[in-house]
Every structure is written in structure tokens, then in C-alpha cells.
Amino acid sequence: MTAGKPGVKRKQGQLPLPSRKKTKTVHLTTDDLPWKTISRPKEADLGDGFDGLLELEEVDDVQVVYEETEGGKVVKFKVAGEKSEEDERGAAPSEDMTVLDEESPEGEGSETVPDLPEESFDSESKMPNWHPFSLHPRLFRALHSEQFLTPTPIQAAALPLALKGRDVVGVAETGSGKTLAYGLPILHYLLMQATHTAGKTAQSRRELRALILAPTRELALQVSSHLNTCLNHLAAESSSASGDNKAQETDQGSSVPADAETSEGQGRKKGKVKQKRQSGDVTAGPKVPPLVSVVAIVGGMSAQKQRRLLSRGVDVLVATPGRLWDIIQEDDELANQIEKLRFLVLDEADRMIEAGHFAEMENILRLTLRQAEDDEVEPVPDMGLGAAEREDAEDSKQGVKEGEMQTFVFSATLSKDLQRNLKKRARPTKRRNDKPASTLDDLLMRLDFRDPSPAVIDLSPEGGVVATLQESKIECLSSDKDAYLYYFLLRYPGRTLVFLSAIDGIRRLLPLMDLLGLPAFPLHSQLEQRQRLKNLDRFKSTPHGVLLATDVAARGLDIPAVDHVVHYQAPRTADAYVHRNGRTARAMRRGFSLLMCAPDERKIVRALMRSLGRQDEIPEMPMELHMLDKLKARTQLARQIDSAQHKVRKENHDRNWLKEAAEAMEIELDSDFASASEGEGEGAPSKRVRKATNAKTAAMKAELKQLLAQPLVARGVSTRYITSGSTSIADDMLAGEYHETMVGLKKVEAGSDLVPVKKRKKSKVKAEVEEWNGFSSEN
């Protein structure tokens, strides 16, 4: 890569190759190397293993060599010697170069952004509900193409404040469109900046302007996908206007800057251009970079590829705290860019401190803190919460100044005490005896709000229940939960999300669902990221699929058309209950939630309802006990089959593990163990026992298959004539309400046949007491 002076721009014509001198090599020792002092990494100021480190030095163009001496081989270093005179002087301006003004931003490695045609969109007639927000015309066009004709309540409340430069703390029900509530102001700002710089030059690496932190990988990828959905229309329009193709998207659903190829080698670039020409993707003229670049950085994927994307430069970075902090520790330039952020977003903030990312979150947030004028190296030790001079300076501000960082915090559950504190004062003085109401309060107090009075928008429903959500519960024994779940899945077919509290429960329940013929897919933190995404896609494409998940899927995931949410195990916190229910009944669609309550969970459920401020009990779901008994026989048989298979798998695994460990350590096993591993000997079951076990398992499988083939008939239904019996199904068949799996039951939606809860009449008891007192007083 040829270096040039700033202020010199290369023309499109080829330049003559400069003459170069042959380099000389010199063998030196360690002390003779040309060491250069470098700046300390940003994480050194955060106390991350750099205690006692005073200075760092590096050396370039050094190769280790071994010289033969009388005493043996000696380590030496080969350093590039003299450079050519032309390299030392720098590339002098020639006739083929155009000399620009020194203050011009153009230079080597920059690209000229073509003039964009003036955008216009008749939002007043086509989208009257969005027109008052005065968004960028391209955003209006993207919303119109996606049929988002009306903003949601949280969007209508947050957009005016965010567009004015205010810090916003938003609380709204799940599925209310919080992503666009903070995404549209960010995209509007970036698009306006890109429009103003049209016709000018774009630097080779973009400056990071917005950072969005999400608690889970799936949520980060989903946010990136939603933002790119708005930008895909822009890329298509800009390509058609300039005659070029839009930049390719990454695997994370992000737009890659097109000018990233300027840093590649000439030979590699030629190969890429040749390959694109063969596919017909290259047209005449320079390649146009995308107006706004969005990249998702999450764990479980290639970190090397993510670093390469960041090296090209991005405008909006969506990341999980753990992977982002890992990359920041190796990328000092990224840390510098985070210090100069324009937007900081915490999505599902209360979940981030529960996922084990609190340490990484704290370090990332410390990079965004403002430093005092007299302290440029050491960070403020109390996070800026107790400094009186910082507090007085903030109180004198009027909103967020232009160019300063805006902070958006969104979630479906936040502390009411915290909201009152934020409305009263931006950074309340913390006394020694006063402690934050919760860990979430402490996290939000660590944020350096530039706005002295952040706007708090609370649109959360009463009791944490969405208006379109129907709740129900089943009280049963823990051992009968499998049969009740099987009954619910057969009685109300649809896409169902089952939440469990532990991964072991998923591993136990998954083979049962498989044996019973139900399409079930697991989702938990111990799965590889690729497998998690694959299971999500399978669940989305299966109409009557079942997703067995832990609380990793309870936050932010927008899975289309989830009909039911089942709490197989009661959640331990009220916000977990609210977020679990939020996977259904999204965007004003109907949904159903079922809580399975065992006797030992009743106390937890009562405490959960009290914390939500709810007095009424959850209605119970009716059960056909005659069919439930038949389903219990199926689940018990499937449990016996799974237990037998699991026992065989465990024995084989233990033997194979010990054998592989012995081979790795080159240890010879005893002959008795060797014969036992082959199925013979004293420690292994005999062939007769193994044969009997396999025959018993096969017989149970055949019995289960026969049970699954038998129809489930309700009591009172005749199996010979549909019009006879105490319950006639002929009318239901003619009306289209015939249940295909459970004969004799009507085909209804979940929640339409709930049993109302009988309220306790306490007033009557009081009246009786008063009448008795009155009667005794007369005597």
C-alpha cells in the first residue's frame, strides 16, 4: 500500500511505478532494536490487569533468525535496513496528481460521495400519522413500504423528545415497537448528516456514532435486522441513482461499507473485481458506500470476522456487552470512538445485569463518562455520582448540547422508584445510608446523562398484563405436569413457547416430546449460536411447533405469531413473568398464557401476583379428565422408554470416556475392563441381559406407537354412529368446529372456555357479625 501526503489526491489515471532501492538487512540484538514508545490501551485506565505498567514499546519489520556460533545457535533479529530515498522524502507531487488545499478533507484512501438527488415523499397524504415527526424522506418511504402506517404509543411519545435531543427512559409493554422508538431518531440523524456531506469525500474508516447494547445474542441480531430493514430500501435507491450495486450484507444482517476494499492489496482487489465482472455485478464508475452502516457484534460467532468489519468502520454498532468488551481490549481505536459517541442505547437494561455482564457493562459505560477538565487520564472513581462540581455543571445545562451524547434506556419493566427519582432530578445526591432500590437503579445511576432532566415515559400496563393477553393457570402435581402440557398442546394446537427454569428440564422434556410425536426444539445458553439460530428458524417455520426455552428467550425476541406461552415452571421474579408473557400478544395481536402451578409453587405465585399489584386470581383452564387419564398413560410409557434409553447411553458414554482417557495417557487397561467395554466380562451385562433389555424397550415403543394411533374420544361419544350417544358430534362437524385430535370436543381457541374465579364474599361475613351484635344488644 503506497503512502501519500495528506492533501494530495490521486487521479484515475495510472501512476508510474517509483524506483526503489534494494533493502539491506542487519542482524541486531534485543537492545539494538529500534523500539518505539506507544500509548497505553484504554483498558489500562480501567484497572484491567495493567497495574504497575508504566510504558509500552513496540518494534516493526523484525524477523527472528538463528546464527551459528562456536557456542551454538544465537538468537538474532533481522531488521529492514535503508529505505529508498523516495520513501523517506514521501511521494512528491507529480503531473498526474492534483494538489489540494491543506484544509481539504480529501486525501489518500478517501472516496467521493456522489451528489444524491433531493428526496421528497408526500407523508402528509400517504402517512398522516407519521407526518408530524418530520423524519427523513427515506425513512418515510421505508415505513410506508413495510406498511407501518401508524406509530405505536411508545413511538408517538418518544420520537418528539428524542428528535429534540432529549435523553429518554421508556417503559412500555412487550411488543410495542420500542426498537423503532430509539432506532428512528438515530437513523434520522445519520441520514441527515449523510445528506449534508453529499458531494464531499468520505474517510476510509467511518466514525462510530451509535452504540446499542442488548442482553442476548438473539436480541442484538434482531435489532440489527430491524434497522437494516429500514436501510435496505435506501441502499437500493442509492444504487439505482448512481448506477452501482448496494453493498453486500454480512451474516449478522449488517451493511458492510463499500470503501473497505481500499485497504486491500492490489492483487486481491483485482481478483475481486474480476470475479464480480464475471457475475455482472460491476458497472462503470466508482463504487458507492452505503449511507449508513449497521453491524452486529455478538458472541458465538467468528471474532476475527467481526474485528475485520469494525476495522472498516461502522456508523451503528449493535452488540452484547461480553463480546464487545473482548474486542475493545484489543482495539484502542474503538475505545476512542466509544468515548465520542453520539447515541448510547440500553435495550432491556434490567436483563443485562442478570446475564452476568455487569462487569463488562460497567467498563463500557465508564468509557462514555465525561472527564473533569483537570483530570484527563484517571477516570472519576465514583462514576461522577458524588462530585459536587460535576453536579452543578449539569444542573446549569439546558438539555443535551449539540454534538453531545444522547442516552436512550428502554425496557418493559423498570423500577417505579427510579422513575420518580429521574423525574425529580437527573442525578440525585446519594447519602451514605441510602441505597438504590434495586440493582437496575444502580445501573441507571451509573449512566452519565447529558440531559439534566431525562424524559421518563411510562406506558406499562397495570399489573404487567397486555390488553390482548388472556391468562390462565393449572394447579397440578409436579409429576403430572408432562401430561397436562401434552393435553394442552393437543387441545389447543398452535405455535407454543414453553419456558423452563433450568436447562436440565429442557434436556429431560425434549426426548419425551419427540417420543410423543410433537415437533419440539430447544433454546438455551449452552447451545452453540449457530444451533440456537437454526432452532429459532425451525420454530418460526413450523405451524404447530414447540420451543422449549429458558429465560434467554424471554427478552425482546420478536417471534412472529406465537399463539401460546406456557410457564412450565413458575418464574422467580415478576419481571421475568412479564417478559415471558411478552413473547405472545405482540403488536395488538391476541395471545394466551398458561401458568402451571405445583403445590410447592403456590407461595411463589402469590408473591408474584402481589409484586405486580394484582388482587384478582388467575382463572383456571378446564380439563377433560377422561382424556387426561389416557394421556397420562402415554406420557408414563414415554418416560419409561426414555429412562431405559438414557441408562444405556450413560453406560456406553462412561465406558468410552474411560477408554479414550486411557489411550490419551498411554495407559493399558486391565483385561477385565477391556472385555467389559466390548460387552463381555464381569463388569458388563451379559448378552442375554442386553438382548432382554433391547426387547423390552422395543416392546414399549410398539405399545406407545399403538397408543398414539388410537383416537382420543371424549366421554359420551359413540364410536359407531356420530349421531348417537349422549354427545352428538354431527352438528360440530357441519359447523366446522370438529376437533381432529380429540373427538367430541369443540375446536376453540385457548382462553375462550376458561372457568371464572369465584370471588370470596367477605362482606356477608361482616353483615352476619353486625346482625348478631344487634340482637344481643336488644336483650
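Reply: Happy to. Contact here means heavy atoms within 4.5 Å. Please keep in mind that this is a predicted model.

Me: What covers the buried residues of α20?

Reply: Start with the residues concerned: Val605, Leu608 and Met609 are the buried ones in α20. Viewed down the helix axis they fall within an arc of 95°, so they line one face of α20. The face turned away from that side carries the exposed residues Lys603, Arg610 and Ser611. The cover over the buried residues includes α19 (574-581) and β22.

Me: Is Glu601 buried or exposed?

Reply: Glu601 sits in the loop between β22 (591-597) and α20 (602-611). Beyond its neighbours within four places in sequence, Glu601 has contacts with Lys481, Gln569, Ala570 and Met596. Buried means under 20% relative accessible area. Because the relative accessibility of Glu601 is 8%, Glu601 counts as buried.

Me: How many nonpolar residues does the contact of α16 with α21 have?

Reply: α16 passes α21 in a right-handed crossing. Among the residues making the contact are Tyr484, Tyr487 and Leu490 of α16, with Leu628, Leu631 and Arg634 of α21. By class, the contact has 4 charged residues and 1 polar one, and its nonpolar residues number 8.

Terms used. Residues are numbered from 1 along each chain as its sequence is written. This is a predicted model: local features need pLDDT of at least 70, side-chain atom pairs count only at pLDDT 80 or more; totals for chains, interfaces and linings use all residues. Side-chain values use heavy atoms; hydrogens and water are left out. Helices (H or I, at least four residues) and strands (E, at least two) are DSSP runs, numbered from the N terminus. Buried means under 20% relative accessible area, exposed over 50%, partly exposed in between (1.4 Å probe, protein chains only). The arc is that of the directions from the helix axis to the C-beta atoms. A crossing is left-handed if the near helix is turned anticlockwise from the far one by less than a right angle, and right-handed if clockwise. Ala, Val, Leu, Ile, Met, Phe, Trp, Tyr, Cys and Pro count as nonpolar, Asp, Glu, Lys and Arg as charged, and the others, Gly among them, as polar.
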